[in-house]
Amino acid sequence: MEHDDACEMTIGDIADAAGVTARTVRHYESVGLLGPADRSVGGHRRYARDDLERLRRVIALRRCGFGLDAIRRLLASSQEGALALAKRQLERSEVELEVARRLRSRMSRFVGLLEGTSGESIDQLIAEMEEDEMSVSLNSISTRLGDAGETDLADGTRVAKSHAVIDAVGVIEELGSHLGLLLAEGDVSDPQRELLQRVANDLFDIGSDLSSPPTDGDGRPRVGAEYVEWLESACGEANAALDPIDSFVVWFEAPGASRLNVCRAICRRAERATFAVEGANPQIGRYLNRLSDLFFVLARASGAGREHLWEPGRSAA
């Protein structure tokens, strides 16, 4: 159907010309992507050729996989801005393709298990697959799956890298790295090393717990009350050998004690980040709270009296 520049197309005309329904046109209008150039005396929508061209652009962009907000930005962008948006969409498409390939591989394996099994229940097969999933395999370090600003949770859910869960897991990983550096430097006693090695492993359990939504019987490590109880006991035993102090520690002279104090500060940040995660296992927050106390107590023990206490107002006139 051909029209001149006059606003003579009805909503049915523009829908037919673009190959969509009138309902689709109304939807694009409701979200602000399209609007009639004019209305008749009776209030009916009337469209011009420019409206038809805009509608065709919207449809083309939707077929490329762009969301409505992205289309709105594209239509308002310069060519350079549109190119940047298009490149990001291409990256996202590549990520989704890789995720689909992984899903296909899992489903193919599941079908193979079903075909090669006689008498076993589906539940048994699923349990076998979950057991295999628990084994840590890092055959491919660079997957490019994060290029679009998203990453996987343990259950395969895609979330933004700015998601609260990813932030919390990242801080816990940072804490574990500093703890590893302390252990590598060797400036800790044997009893402390034994405690800290267990903590280092616990931090990975915490990361696994945080990044996998709770599912009964999923086999993933879950931080329970026993983790917290062990920490409280370890902290109490270490603190019992120390003299009390009546102020805050500003800094420690011993390098090992200072490194433990850095771990304490990062642990506090990890605790705050964990409490920002909706639905997180509450035992994780309790564990990190007690862990920061343990780091402080161990720092004091390592400092062996070489701790400098805060003197409020010391520099005041």
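Predicted model: local features only at pLDDT ≥ 70, side-chain atom pairs only at ≥ 80, totals over all residues.

Colleague: Which residue forms a salt bridge with Glu29?

Modeller: The partner is Arg45, and the closest N and O atoms are 2.8 Å apart. Arg45 is partly exposed, with a relative accessible area of 25%.

Colleague: Where do Arg45 and Glu29 lie?

Modeller: Arg45 belongs to strand E2 (residues 45-46) and Glu29 to helix H2, so their pairing ties together parts that are 16 residues apart in sequence.

Colleague: Why can such side chains pair at all?

Modeller: Side chains of opposite charge can pair when their charged atoms come close.

Colleague: How many salt bridges are there?

Modeller: The count comes to ten salt bridges. One of them joins Glu174 and Arg269, with the closest N and O atoms 2.9 Å apart. That pair links distant parts of the chain, 95 residues apart: Glu174 is in helix H7 (residues 164-185) and Arg269 in helix H10 (residues 255-275).

Colleague: Which residue of helix H10 pairs with Glu185 of helix H7?

Modeller: That is Arg259, 74 residues apart from Glu185 in the chain. Their side chains meet in a salt bridge of 3.1 Å, N to O.

Colleague: Let us change topic. How many aromatic pairs does the structure hold?

Modeller: It holds two. In one, the ring centres of Tyr227 and Tyr287 are 6.3 Å apart and the planes stand at 70 degrees, so the pair is edge-to-face. Tyr227 is in helix H9 (residues 225-240) and Tyr287 in helix H11 (residues 282-303), 60 residues apart. Tyr227 is buried at 14% relative accessible area, and Tyr287 is buried at 0%.

Colleague: And what about Phe248 and Trp310?

Modeller: Their ring centres are 5.9 Å apart with planes at 40 degrees, so this pair is tilted. Phe248 counts as exposed at 61% relative accessibility, while Trp310 counts as partly exposed at 44%.

Colleague: Which charged residue sits over the ring of Trp230?

Modeller: The charged end of Arg198 does, 4.0 Å from the ring centre.

Colleague: Finally, what is the average pLDDT of the chain?

Modeller: The average is 81, and 80% of the residues score at least 70. Over residues 1-5, however, the pLDDT is below 50.

Technical notes:
Residues numbered from 1 in each chain as written. Heavy atoms only, no water. pLDDT = per-residue confidence, 0-100. Contact = heavy atoms within 4.5 Å. Phe/Tyr/Trp six-rings, centres within 6.5 Å; stacked < 30°, edge-to-face > 60°. Helix = DSSP H or I, 4+ residues; strand = E, 2+ residues; numbered from the N terminus. Buried < 20%, exposed > 50% of the residue type's maximum accessible area, 1.4 Å probe, protein only. Lys NZ or Arg CZ within 6 Å of the ring centre and 35° of its normal. Salt bridge = Lys/Arg side-chain N within 4 Å of Asp/Glu carboxyl O.
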